[in-house]
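Biologist: I would like to learn how to read a model like this one. Can we take the features one at a time?

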Amino acid sequence: MDGIAWAGSAMVAARARLEIATQNLANVSTDGSERIAARGSLTPEGVTIARRPDTLTHGALRRTGRDFDLAIVGEGAFAVNDAAGRRSLTRAGAFTRERDGTLRDALGRTLTAGGRPLRVPDGARVDARGCIVAADARTIDRIPLPPGSSIQSGFLEGPSVDAIHEMIDVLCAERSFESAQKVVSAIDTSREKSASDVARVK
């Protein structure tokens, strides 16, 4: 790759980094939102940016007192299905119990266990192990959790995004883009000058 191609890839990478940082900033007040980390690397094709969820950083817990606001402490995520049956994972645990006993989030997605809708009978609760415990202390079902993780009922997890960190990333990405742009301009000017000098010698 020549200099312009390398600088061009750096501009594309800086723009990708900027988009990731602004996306994180947009979710700075969204409960359970996971920060997206930008990972840069040098390849034969130039500078590239990979997007990876930051699964090691979790948001602080906020007490709500609502029985079916659930926060995962540790690793893991809630499996939810939308109306079309599409499965997704989320750390946002603000659920409402419906008349049929299912738990649904604000997007209308149903909390599942083992691929099927999880049902919570009237009077049941969710304990720290993720077990659905009936009023007579029977365990009815369980929200799957990785080893070592637990659930806090009556809490919500805040976003794992640090607004100050993301603002710094925005500024750094903008400066990287401007620097790469100046390099492209300088190389282009140098080539034009060289071509002009060659023509003058001829």
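Predicted model: local features only at pLDDT ≥ 70, side-chain atom pairs only at ≥ 80, totals over all residues.

Biologist: What is the relative accessible area of cysteine 131, and is the residue buried or exposed?

Modeller: Buried means under 20% relative accessible area, and exposed means over 50%. Cysteine 131 has 6%, so it is buried. Cysteine 172 has 32%, so it is partly exposed.

Biologist: Now the overall fold. How many helices and strands are in the protein chain?

Modeller: The protein chain has two helices and 15 strands. Its radius of gyration is 25 Å, well over the 17 Å that the globule rule gives for 202 residues, so the chain is more spread out than a compact globule. The box around the C-alpha atoms shows the dimensions: roughly 95 × 30 × 30 Å along the principal axes.

Biologist: What share of the 202 residues counts as buried?

Modeller: The share is 32%. The accessible surface of the protein chain is about 11900 Å². Carbon and sulfur atoms account for 54% of that surface.

Biologist: How far apart are the mean positions of the positive and negative charges?

Modeller: Lys and Arg count as positive, Asp and Glu as negative. The protein chain has 28 positive and 26 negative charges, and their mean positions are 2 Å apart.

Biologist: Let us move to single residues. Where does arginine 17 lie, and which residues does it contact?

Modeller: Arginine 17 lies in helix H1, residues 3-26. Contact means heavy atoms within 4.5 Å. Beyond its neighbours within four places in sequence, arginine 17 contacts Ala38, Asp169, Cys172, Ala173 and Ser176. Its relative accessible area is 25%, so arginine 17 is partly exposed. Leucine 145 is 128 residues away along the chain, and the two C-alpha atoms are separated by 32 Å.

Biologist: Which strand holds threonine 48?

Modeller: Threonine 48 is in strand S2, residues 46-53. At 30% relative accessibility, this residue is partly exposed. Leaving out residues up to four places away in sequence, threonine 48 touches Arg39, Gly40, Ser41 and Thr43. Alanine 10 is 38 residues from threonine 48 in sequence, with 7.6 Å between their C-alpha atoms.

Biologist: Next, the loops. Is glycine 101 buried or exposed?

Modeller: Glycine 101 has a relative accessible area of 2%, so it is buried. Its loop runs between strand S7 (96-97) and strand S8 (103-104). Not counting residues up to four places away in sequence, glycine 101 touches Leu118, Arg119 and Val120. Alanine 50 is 51 residues from glycine 101 in sequence and 41 Å away in space, C-alpha to C-alpha.

Biologist: What is the phi of alanine 137?

Modeller: The phi of alanine 137 is positive, about 75 degrees, although the residue is not a glycine. Alanine 137 sits in the loop between strand S12 (131-133) and strand S13 (139-142).

Biologist: Why does alanine 137 count as exposed?

Modeller: Its relative accessibility is 58%, so alanine 137 counts as exposed.

Note on methods:
Residues numbered from 1 in each chain as written. Heavy atoms only, no water. Buried < 20%, exposed > 50% of the residue type's maximum accessible area, 1.4 Å probe, protein only. Helix = DSSP H or I, 4+ residues; strand = E, 2+ residues; numbered from the N terminus. Rg over C-alpha atoms; globule rule 2.2 N^0.38 Å. Areas by Shrake-Rupley, 256 points an atom, 1.4 Å probe, with all protein chains shown as cover. Charge placed at Lys NZ, Arg CZ, Asp CG, Glu CD.
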